[in-house]
Amino acid sequence: MHTRRLLLLAPALLAPALAALPRPASAQSAPTEVVERFHAALLGVMRNAQRLGIRGRNEQLTPVMDQVFDLSAMTRIAAGANWANLSPDQRNTLTDAFRRWSIATYASRFDGYSGESFQTVGTQTLANGDTLVRTRLNRTDGDPVVLSYLLRGQPPRVVDVYLTGTISELASRRSEFATLIREGGAPRLIQELQSRTSRLLAA
């Protein structure tokens with residue numbers, strides 16, 4: 001895996017291949033369990049990255065990310081105030097485009113294995129009932145990368161990811177998406193996400 005690509009991540013496997021397939025949602029009772037299952041899936045993809053290729057990694061990550069991440073909620077958060085102005089059809093199309101792009105992004109970034117490991121270092125229950133799960137990606141070629149996951153709901157699902165514990169993936173996306181919407185409305189943003197997904201999966 002290229003460290004430069006990972007460090008772009010702030011908001012898409014198996015070892016062996018079937019071991020990390022998601023359990024039924026009712027079994028996901030603890031936020032730490034949800035995050036650790038996702039990490040096991042990522043490590044499986046990384047270990048088999050070359051054999052799977054980008055499309056294989058994308059295929060492996062799709063069912064796991066659909067269950068671990070609340071991609072619908074993440075789309076709403078990333079769209080910010082603009083979400084209220086979208087039609088139902090635009091919301092559905094944007095959610096699908098955001099989902100596909102998110103999964104393809106993980107499939108692209110986690111493209112190799114060099115002895116990395118994930119470690120859960122703590123959890124925090126926030127005043128609104130959300131849970132923050134703090135983790136660390138231990139690398140053999142540099143300092144650990146701190147990744148924190150914000151989980152919400154029951155069963156808990158990820159609604160944001162923080163790099164170094166403070167840099168929100170969705171906060172950065174919200175600014176970027178607002179610019180695209182100003183340029184050409186929801187169709188401009190949707191087209192951009194679809195184009196990015198196509199480029200990633202063609203790599």
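In this predicted model, helices α5 and α6 cross with a left-handed sense. Their axes sit 9 Å apart, and the packing angle is about 60 degrees. An angle between 35 and 65 degrees falls in the oblique range, so α5 and α6 are oblique to each other. As for what lines the contact of α5 with α6, there are 14 nonpolar residues, six polar ones and four charged ones.

**The overall layout**

Let's step back to the whole chain. The protein chain has six helices and five strands, and along the sequence they run α-α-α-α-α-β-β-β-β-β-α. The protein chain has 203 residues, and 49% of them count as buried.

In soluble globular proteins, nonpolar side chains tend to be buried together. Here the largest nonpolar core holds 48 residues, and the members that touch the most others are Phe38, Phe69, Phe98 and Tyr106. Who supplies two or more residues to this core? On the helix side the list has α2 (31-47), α3 (49-68), α4 (71-79), α5 (88-109) and α6 (169-202), and on the strand side β2 (131-138), β3 (145-152) and β4 (157-163). The top contributor is α6, with nine residues. There is also a second, separate core of five residues, with Ala73, Leu150, Val159 and Tyr162 among them.

**Aromatic rings**

Across the whole structure, a search turns up eight aromatic pairs. Two of them are set out here.

| Pair | Centre to centre | Angle between planes | Type |
|---|---|---|---|
| Phe69 and Tyr106 | 5.8 Å | 55 degrees | tilted |
| Phe98 and Trp101 | 6.0 Å | 65 degrees | edge-to-face |

Start with Phe69 and Tyr106, a pair that links distant parts of the chain. Phe69 is in the loop between α3 and α4, Tyr106 is in helix α5, and 37 residues separate them. Both Phe69 and Tyr106 are buried.

Phe98 has 0% relative accessibility, so Phe98 counts as buried. Trp101 comes in at 6%, so Trp101 is buried as well.

There's also one aromatic cluster made up of Phe38, Phe69, Tyr106, Phe110 and Tyr149. Some of these names have come up already: Phe38, Phe69 and Tyr106 are also on the list of core members that touch the most others.

Over on the strand side, Leu147 has its place in strand β3. With a relative accessible area of 1%, Leu147 is buried. How far apart are Leu147 and Thr164 in sequence and in space? They are 17 residues apart along the chain, and their C-alpha atoms are 5.9 Å apart.

One more thing to look for is the cis peptide bond that joins Gln154 and Pro155, where omega is about 5 degrees. Pro155 lies in the loop between β3 and β4.

Conventions: Residues numbered from 1 in each chain as written. Predicted model: local features only at pLDDT ≥ 70, side-chain atom pairs only at ≥ 80, totals over all residues. Heavy atoms only, no water. Core = buried A, V, L, I, M, F, W, Y, C linked by side-chain atoms within 4.5 Å. Buried < 20%, exposed > 50% of the residue type's maximum accessible area, 1.4 Å probe, protein only. Helix = DSSP H or I, 4+ residues; strand = E, 2+ residues; numbered from the N terminus. Axes fitted to C-alpha atoms, helices over the stretch in contact; angles between N-to-C directions. Parallel < 35°, antiparallel > 145°, perpendicular 65-115°, else oblique. Left-handed = near helix turned anticlockwise from the far one by under 90°. Nonpolar A, V, L, I, M, F, W, Y, C, P; charged D, E, K, R; others polar. Phe/Tyr/Trp six-rings, centres within 6.5 Å; stacked < 30°, edge-to-face > 60°.
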